[in-house]
Amino acid sequence: MSRLPGVIALAAIAAITVVPAHAGMVDKIIFGKCSSAMRKEYEKAGKQLLLSHLNATCNCVVKEMKNKQSVEQAKTFCTS
């Protein structure tokens, strides 16, 4: 019975550390999909994609999707 507070504390710490790790992974997945799509679009158009432009656009998409925007809404907002 005396171990219960320790187990609860450990579970609480684990839950707190998992949430940011999960959120970071989701951000990386969104950023990766965005950068892949941008590279394909630019390659298809025969244009050079600057890394700074890719980073700014995909970071914007990640931010907008965190704000509950759809992929299309985020893309429209971040590329206009």
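**Pocket, core and a polar contact**

Modeller: The largest pocket is lined by 16 residues, and Cys34, Ala37, Met38, Val61 and Lys75 lie nearest its centre. The model is predicted: local features need pLDDT of at least 70 and side-chain atom pairs 80 or more, while totals for chains, interfaces and linings use all residues. Residues are numbered from 1 along each chain, and side-chain values use heavy atoms, without hydrogens and water.

Colleague: What makes a set of points a pocket, and what makes a residue part of its lining?

Modeller: On a 1 Å grid over the protein atoms alone, a pocket is an open set with protein on both sides within 12 Å along at least five of seven lines; lining residues have an atom within 4 Å of a point. H1 gives the most to this lining, with seven residues.

Colleague: Why is the pair Asp27 and Lys66 called a polar contact?

Modeller: Their side chains are joined at 3.0 Å. The term requires N or O atoms within 3.5 Å, one able to donate a hydrogen and the other to accept it, and residues adjacent in sequence count only if both atoms are side-chain atoms; the pair is therefore called a polar contact. Asp27 is in helix H1 (residues 4–45), where helix means a DSSP run of H or I with at least four residues, numbered from the N terminus.

Colleague: Which residues does Val62 touch, beyond those up to four places away in sequence?

Modeller: Val62 touches Asp27, Ile30 and Phe31, contact being heavy atoms within 4.5 Å.

Terms used: Helices (H or I, at least four residues) and strands (E, at least two) are DSSP runs, numbered from the N terminus. On a 1 Å grid over the protein atoms alone, a cavity is a set of points where a 1.4 Å probe fits but cannot get out, and a pocket is an open set with protein on both sides within 12 Å along at least five of seven lines; lining residues have an atom within 4 Å of a point.
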